[in-house]
Amino acid sequence: MRAIAITEDHRLEPVDLPEPVPAPGEVLVDVVAAGVNRADVAQTAGMYPPPPGASELPGLEISGRRRDTGEAVVALLAGGGYAEVVAVPEGQLLPVPEGMDPVEAAGVIEVCATVVSNLVLEGRLSDGETVLIHGGTGGIGTVAIQLARHLGARVLTTVGSEEAFDRVRELGADAVWNRRTTDLLEVVREAGGADVILDVVGGPALADNVGMLREHGRLVIIGTLGGATGELPIGKLMGKRARVIGTTLRSRRTEGKREILEATRELVWPLLADGSLRVPVHARFPLERAAQAHDVLREGGHVGKVVLEVAEPPPRNR
């Protein structure tokens, strides 16, 4: 099968490999397209190795067709998505949302599961609360803005340039700031603070994030783009009776992923089917141009997801 492997000098290279052999409880899926995520970029750079036992190939999500039943599905992976065939635990599959383009569906499951896991299951965001979403133009940010509005929250967000303001407002953001030119601690405090903060920056933003929380606030850290260590103002955290939550999705066992995927299907799949929530796709590349797809994420400025086209898509689910 065709696949994209990571070389010892951290490049992406097309290779020809044997098809994976499914373990007990796994099924083979013929891949139509693969979603591209920042975790893939970090893995390629040697900074985010796959969990023990997972494929060494990059790729955390795909759309495709189950070989045993022919059903059009999306799959959440611990690795291996940049290939023509993947072996997936059956509990990590969902049907392609009704009416959705099968190629664009490749960018749905990881981002939606991440947002549901962290805003709903961990952050307990509820109607009438205020959420601050860092990185509003990324795949996670664009979905988080829309889902938070659906939940009845007031949405604050940060972006990297003024050019993105209108785009995130269209998605439902109530207030947006350029993180490069704004004192976020000051403006978010002036806006009343946040009950929940969804953070992809990590260590350098830790103290300011705690400072922006309201009483009983929840800071959910899902990335370390700015660094993995930071100073925690424990006194402020205690005084606000707030919580700092750190989570990852990739390394969870299938049972934990299944719980998240069930919640995702119940909450998000109907919204995708009726068009009230969209996962924007910024660009589509053939599998062999995976390195260019990674360049898009490294350079930033994109809105939504990047996907790799692997094979001819099947008919859409109706």
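Visitor: In which strand does Glu 215 have its place?

Guide: Glu 215 sits in strand β12, which covers residues 213–221; helices (H or I, at least four residues) and strands (E, at least two) are DSSP runs numbered from the N terminus. This is a predicted model, in which local features need pLDDT of at least 70, side-chain atom pairs count only at pLDDT 80 or more, and totals for chains, interfaces and linings use all residues. Residues are numbered from 1 along each chain as its sequence is written, and side-chain values use heavy atoms, with hydrogens and water left out.

Visitor: Is Glu 215 buried, exposed or partly exposed, and which residues is Glu 215 in contact with?

Guide: In general, buried means under 20% relative accessible area, exposed over 50%, and partly exposed in between, with a 1.4 Å probe and protein chains only. Glu 215 is partly exposed because its relative accessible area is 46%. Contact means heavy atoms within 4.5 Å, and once neighbours within four places in sequence are left aside, Glu 215 is in contact with Lys 240 and Arg 241. Ala 242, 27 residues away in sequence, has its C-alpha 6.3 Å from that of Glu 215.

Visitor: How are strands β1 and β2 joined?

Guide: Two strands pair if DSSP finds at least two bridges between them. Here five bridges join β1 (residues 2–6) to β2 (residues 12–16), and the two strands run antiparallel, with Arg 2 standing opposite Asp 16 in β2. The two strands form a hairpin with five residues between them.

Visitor: Where is Arg 124 found, and what is its phi?

Guide: Arg 124 is found in the loop between α2 (109–122) and β8 (130–133), just after α2, and although Arg 124 is not a glycine, its phi is positive at about 55 degrees. Arg 124 counts as exposed, since its relative accessibility is 56%. Helix α2 itself is mostly covered, with 11 of its 14 residues buried, among them Ile 109, Cys 112 and Leu 119.

Visitor: How many helices and strands does the protein have, and what is its radius of gyration?

Guide: The protein has 10 helices and 15 strands. The radius of gyration is taken over C-alpha atoms, and the globule rule is 2.2 Å times the number of residues to the power 0.38; with 318 residues, a compact globule would have a value near 20 Å, so the 19 Å of the protein agrees with that. Along the principal axes, the C-alpha atoms fill a box of roughly 55 × 45 × 40 Å.

Visitor: What share of the residues is buried, and what share of the contacts joins residues 24 or more positions apart?

Guide: Buried residues make up 55% of the 318 residues, while residues 24 or more positions apart account for 66% of the contacts with a separation of 6 or more.
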